[in-house]
Amino acid sequence: MSYRPNITNVTKASSNDKEGLYEFIIKLADGTECRAFYNRYPEWKMTNISRLLKTPCPVCRKDFICKCMDAFTPELEEQMSNTWIEKSIAE
Ligand SMILES: [Zn+2]
């Protein structure tokens with residue numbers, strides 16, 4: 001069974017509206033939290049993602065920095081683009 005992230009909440013941590021740069025905290029169903037950076041120009045694109053070190057990595061179980069979440073960028077980006085971005089920047 002491969003890991004499948006499932007976004008349950010997104011909050012905007014910071015933004016530079018003029019430059020179109022956004023930082024989001026993404027919460028996943030398994031308790032994992034990630035920090036994602038986006039550039040909205042020319043279109044919304046996730047430029048970086050890293051796991052917050054609050055809980056061990058759900059993939060490799062390390063409790064320090066790993067790059068596992070990078071592999072899930074397309075999946076997380078897809079979930080984000082549905083409604084989460086819109087919702088979190090409206091708050
Ligand atoms: Zn990992």
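Me: In which loop does R61 lie?
Reply: This is a predicted model, in which local features need pLDDT of at least 70 and side-chain atom pairs count only at pLDDT 80 or more, while totals for chains, interfaces and linings use all residues. Residues are numbered from 1 along each chain as its sequence is written. Helices (H or I, at least four residues) and strands (E, at least two) are DSSP runs, numbered from the N terminus. In these terms, R61 lies in the loop between β4 and α1.

Me: Is R61 buried or exposed?
Reply: A residue is buried if 20 or more other C-beta atoms lie within 10 Å of its own, exposed if 12 or fewer, and partly exposed in between, with C-beta atoms placed from the backbone. Because R61 has 9 other C-beta atoms within 10 Å, R61 is exposed.

Me: What is the phi of R61?
Reply: Most residues other than glycine have a negative phi. R61 is a residue other than glycine, yet its phi is positive, with a value near 70°.

Me: In what order do the elements of the protein run from the N terminus on?
Reply: The protein has one helix and four strands. From the N terminus on, the order of these elements is β-β-β-β-α.

Me: How many degrees does the twist average from one strand to the next?
Reply: Four strands form an open, antiparallel sheet in the order β1-β2-β3-β4, where two strands pair if DSSP finds at least two bridges between them. At the edges stand β1 (7–16) and β4 (45–51), each pairing on one side only. Angles here run from 0 to 180 degrees between N-to-C directions of axes, which are lines fitted to C-alpha atoms, for helices over the stretch in contact. From one strand to the next, the average twist is 25°.

Me: Which residue in the turn of the β1 and β2 hairpin has a positive phi?
Reply: β1 and β2 pair in the antiparallel sense over eight bridges, and V10 has I26 in β2 as its bridge partner. Four residues separate the two strands of this hairpin, and the turn residue with a positive phi, about 75°, is G20.

Me: How many residues lie between β3 and β4 in their hairpin?
Reply: Six antiparallel bridges link strand β3 (residues 33–39) to β4. Across this pairing, A36 stands opposite I49, and Y38 stands opposite M46. In the hairpin of β3 and β4, the number of residues between the strands is five.

Me: What angle does the direction of helix α1 make with that of β1?
Reply: Helix α1 (residues 73–90) packs on the sheet, touching β1, β2 (21–28) and β4. Contact means that the C-beta atoms of two residues, placed from the backbone, lie within 7 Å. Between the direction of α1 and that of β1, the angle is about 70°.

Me: Which residues of α1 are buried?
Reply: The helix bends by about 65° at S81, the bend being the angle between axes fitted to the seven residues ending there and the seven starting there. Its buried residues pack against β1, β2 and β4. They are L76, M80 and I85.

Me: Is M46 buried or exposed?
Reply: M46 is part of strand β4. Not counting residues up to four places away in sequence, M46 touches A36, Y38, T73, L76 and E77. Because M46 has 20 C-beta neighbours inside 10 Å, M46 counts as buried.

Me: How far apart in space are E91 and T11, C-alpha to C-alpha?
Reply: E91 is placed in the segment after α1, and because E91 has 7 other C-beta atoms within 10 Å, this residue is exposed. E91 and T11 are 80 residues apart in sequence, and their C-alpha to C-alpha distance in space is 8.5 Å.
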